[in-house]
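Biologist: I have not looked at this structure before. Could we go through it one question at a time?

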Amino acid sequence: MRKLIPAPAPLPSDAATRHSAPHDSAVAHVTGRAIYVDDLPAHARMGYLAVGLSPHAHARLDGLTLDAVRQSPGVIDVITAADIPGRNEVGAVYPGDPLLAERELRYAGQPVFAVVATDLVSARRAVDKAVIHATPLPASLDAVEAIAQGLTVLPVHHHERATPLDRGSAMKNNTQTREAPGEAPAASHCVSGTLSIGGQEHFYLEGQIAQAEALDDDGIRILTSSQHPSEVQKLVAEVLDRPLHSIVAEVRRMGGGFGGKESQAAALGAMAALAAARNHCTVRFRLPRRDDMLMTGKRHPFETHYEVTTDDRGILRDTTISLIGNCGHSPDLSEGVVDRAMFHADNAYYLGNARVTGHRAMTHTASNTAFRGFGGPQGMMPIEAAMDDIARRLGLDPLDVRKRNLYTDQKDETHYGQRLDQHLIGPLIDQLEKQSDYRHRRQAITAFNQENPIIKRGLALTPVKFGISFTAQHLNQAGALLAIYTDGSVLINHGGTEMGQGLHTKVCQIVARVFDIPLGRVRISATRTDKVPNTSPTAASSGADLNGMAARDAALTLRARLLDLAAEQYRQPRDSLTFSDGQLIADGWSMPWEALIQAAYLKRVPLSATGFYSTPTIHYDKTTGKGHPFFYYAYGAAVSEVEIDTLTGEHRLRRVDILHDVGDSLNPAIDRGQIEGGFIQGAGWLTTEELKWDDKGTLLTTGPATYKIPAYSDTPPVFNVALLEGHPCSQATIYRSKAVGEPPFMLALSVWSALRDALSSLTNYTTSPALDVPATPERILLAVEAIKSASTPAACPEGADHG
Amino acid sequence: MVDTTPATAVQHADPAATPRLHDVELTINGQTHHLSIEPNVVLLDALRERLGLTGAKKGCDHGQCGACTVLVDGRSMNSCLMLASMADGCDITTVEGLAKPDGTLHPVQQAFLEHDAYQCGYCTAGQMMSATAILNDPSIERTDASIKDAMSGNICRCGAYKNIHDAIKTADARLNGGE
Ligand code: FES
Ligand code: FES
């Protein structure tokens, strides 16, 4: 440009408030101006897409009669698998997810054909006119049976630690030996159990949606509600058989994702793109809620078994845990999900001799997928069940059993060989125990239960230790693109996507912090694959860790250029220069940010830069089941108090106290929101959200009328949430913060454990009632009835209980 | 064939027949609109597709999530469950009409902003519209329990309920001098 824009006056300093900046879309949200894909104005020639879904869980597809569909009013195009120019495959990692079914129907709800029409109603009406000719085949609908029959989507995996690494006692007493099998010492207690864990529908309030636009140069632009735009781009390219550079995927924001838009959004993008490319127009594809629930994968249900032995104090000696993940009909992300369940089978406890097995069962249901926690929550449940069981067996408070089994600096190695470098969980639990007044409340609740025959209360404190990093190593990378314009305004773009978790806000804060300029100078733009390429999904809680670092890297590059310029141009010693509150300052010298940028432009200093980050130190060897898969761990603990009605099984959450570790928080308000929201979502999974299929494998719970997610009134009346202060992350993460998206979800295990505590009060805390998940009123009532009819504890195999 | 009932309209006995158009008059955010619409068009679609008011969201299309809540003659309604022609002659407020014309936020909006009462934002318009109706309704007690009850039709999958509740209490204090 020949003439520069007049340098604007510096913005007022926000140094004091930047730390708790509101969400980047705050004003847009409260005014209703925040745009989601379905809110975009319609194009003049716009097609609307609807899909026909398989009515069978498993069948041979003999053919389709689509004439009536084609003739239906408003129909522009009808698409089947035969019309796909490239690969008919949208699987995230392994093949197995055709865009449209071909020859075989593999679950009820699988897309079989697509209709494009001039309006949505016409498209959906036309779909109903199809006839799907199919021959039903036997369907696999039970995960345990599937494993018995060898029906898996991927092979079994083991973690095994044959030798206990009790370095503490080894140091004190080097004569310690392992007992040979069958020679367990006299004081040995064995506890075992089976726990069935339900899945979970994401129920992102904005359903799956994508809009594809055919561009004039054979390119395709896809506006998608996806956590992984690079994968949408890649799969669209494969389906259309076009190079990646002709496809752009863009995400401004999602109305919730929770993992459900990590791999599942790609099919919509690919379908819309195919329709747009065929008809040279813009096509919008929004799934109605019912189709969304039928078609897309959910949290994996798990069938688990555990068997542990302990000493008299309840300390684990041997732990055997078997985890069967119900993966649905295809692999999708199940390799990582079941691996993560296995990595979290210890939760926060030293397991002693350990054997953890992960199975991946194939069933003819929608392919289960990522959901906040990614298998971690399911993986933690057996050992938490065992903690309660041990406590009942030994007549101890479950909290004491938990505390005795925590990792310590003496026992710091997980069953997969990673050493813990930050021993926060012990002190964190001690602090929460005091803050929540656990011991007094325990006494009060025991007294209450003695006096009240019908209503019973329960209390539980459970910890969380959650490993941060993608378990697929190469995904632990991120990129960013930073531009500074001549008025001093800054535009940052990075590979992460915004789904409400406040990632964009945090990234803007990071950039503002590098230059120490007001947040008002920094703006973020939609995530686009033509700005930052080859990005990883916004998942595994890693959004801020990875993209924040990449943005900082780009900002540091520009910072260095600006310092070089100032040193040379204004003859200030380079190391005396600092960015401070909207200025570049040195001894007795200062220059406003805006003026500095204009000077840099005139001196032809490049004012844009890319940034990159890859997480150091992580590795994992799948053949040995050993390694260091996580960069660090995030910790937390929660105390929940519940009340059950033993005549109806209804229950209520009375009070929750949470203490959670986010290192040095980037934004305490956002982090607290993630903790509260994660906890509520976890409590929903564990208590009210129940997926039901009929005996033919068709999902029955296909809307909010039959599938109950937590409502406003399910929030506990007392809900104390605190961040653990004074413990920056031990690893060099972005400003020593820790990831916060997933870990709080598992704090809700305390609700389930508290329900078991309330049930246990019925036998004066002598038995540990089994309670499958979700612990609906029905299940609680059944547990109450079971206790009433028989209260003898289950016998242990091999008669190992000599205590 | 899996049932894929059209979500935006009641099914016709004869879908090929073009239904007679209805003339309706809707006063939306103080402005009067005359629309000629099919009698089976729901209010939410009329707002979003005909009038470009996309603040009200379609979360479920079944009257179960509250994301589509608007005020009809001051009462909160799920606009996905109401036919546009039923609102003929009514006074409708959507989230776009909450703030003053000069842009000054309504106390409910201001309180939501201050309390970060959203995460993904998809439920936010509905939450604010329900909250506004509750705070205008003297028959609803201002206790935690009755506010929770009255808000129970609005789900938030992000679980931002705690901040939403705090925001409503703050707005109540400002509007009604509540505690
Ligand atoms: S869209 Fe109307 S209540 Fe859900
Ligand atoms: S903020 Fe996401 S649904 Fe409420």
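Modeller: One definition comes before the rest: a residue counts as buried when its relative accessible area is under 20%, and as exposed when that area is over 50%. Note also that this is a predicted model.

Biologist: Which helix holds Arg441(A), and is Arg441(A) buried or exposed?

Modeller: Setting aside neighbours within four places in sequence, the contacts of Arg441(A) include Glu641(A) and Asp657(A). Because its relative accessibility is 9%, Arg441(A) counts as buried. The helix that holds Arg441(A) is helix 13 (residues 438-451) of chain A.

Biologist: What is the mean pLDDT of chain A, and where does the pLDDT stay under 50?

Modeller: In chain A, 95% of the residues reach 70 or more, and the mean is 94. A stretch with pLDDT below 50 is residues 792-803 of chain A, with 16 contacts in the model beyond near neighbours in sequence. Another stretch has 23 contacts beyond four places in sequence, and its pLDDT stays under 50: residues 164-184 of chain A.

Biologist: How many residues of chain A are in contact with chain B, and what area is buried between them?

Modeller: The contact involves 65 residues of chain A and 54 residues of chain B. Val30(A), Leu205(A) and Tyr712(A) supply 20% of the area that chain A buries against chain B, more than any other three residues. Carbon and sulfur atoms give 59% of the area buried between the two chains, which is about 4800 Å².

Biologist: Which element of chain A gives the most to the side that touches chain B?

Modeller: There are 16 residue pairs in polar contact between the chains, both residues at pLDDT 80 or more. Elements of chain A that give two or more residues to this side include helix 1 (26-31), strand 1 (46-53) and helix 17 (668-687). By class, the side has 35 nonpolar, 17 polar and 13 charged residues. With 7 residues, the element that gives the most is helix 17 of chain A.

Biologist: Which residue of chain B meets Asp38(A) in a salt bridge?

Modeller: Side chains of opposite charge can pair when their charged atoms come close. The count of salt bridges between chain A and chain B is 5. In one of the salt bridges, at 3.4 Å from N to O, the residue that meets Asp38(A) is Arg48(B).

Biologist: How many residues apart in sequence are the parts that Arg286(A) and Asp38(A) tie together?

Modeller: The side chains of Arg286(A) and Asp38(A) meet in a salt bridge of 3.2 Å, N to O. Both Arg286(A) and Asp38(A) are buried. Arg286(A) lies in strand 12 (residues 282-286) and Asp38(A) in the loop between helix 1 and strand 1 of chain A, so the parts tied together are apart by 248 residues.

Biologist: What is the relative accessible area of Lys708(A)?

Modeller: Lys708(A) forms a salt bridge with Asp714(A), with the closest N and O atoms 2.8 Å apart. Asp714(A) is partly exposed, because its relative accessible area is 31%. Lys708(A) is also partly exposed, its relative accessible area being 38%.

Note on methods: Residues are numbered from 1 along each chain as its sequence is written. Chains are lettered from A and ligands numbered from 1 in the order in which they are written. Side-chain values use heavy atoms; hydrogens and water are left out. Contact means heavy atoms within 4.5 Å. Buried area is the accessible area (1.4 Å probe) that two parts lose on being put together, summed over both. A salt bridge is a side-chain nitrogen of Lys or Arg within 4 Å of a carboxyl oxygen of Asp or Glu. A polar contact is a pair of N or O atoms within 3.5 Å; within protein, one must be able to donate a hydrogen and the other to accept it, and residues adjacent in sequence count only if both atoms are side-chain atoms. Helices (H or I, at least four residues) and strands (E, at least two) are DSSP runs, numbered from the N terminus. Ala, Val, Leu, Ile, Met, Phe, Trp, Tyr, Cys and Pro count as nonpolar, Asp, Glu, Lys and Arg as charged, and the others, Gly among them, as polar. pLDDT is the predictor's confidence in each residue, from 0 to 100. Buried means under 20% relative accessible area, exposed over 50%, partly exposed in between (1.4 Å probe, protein chains only).
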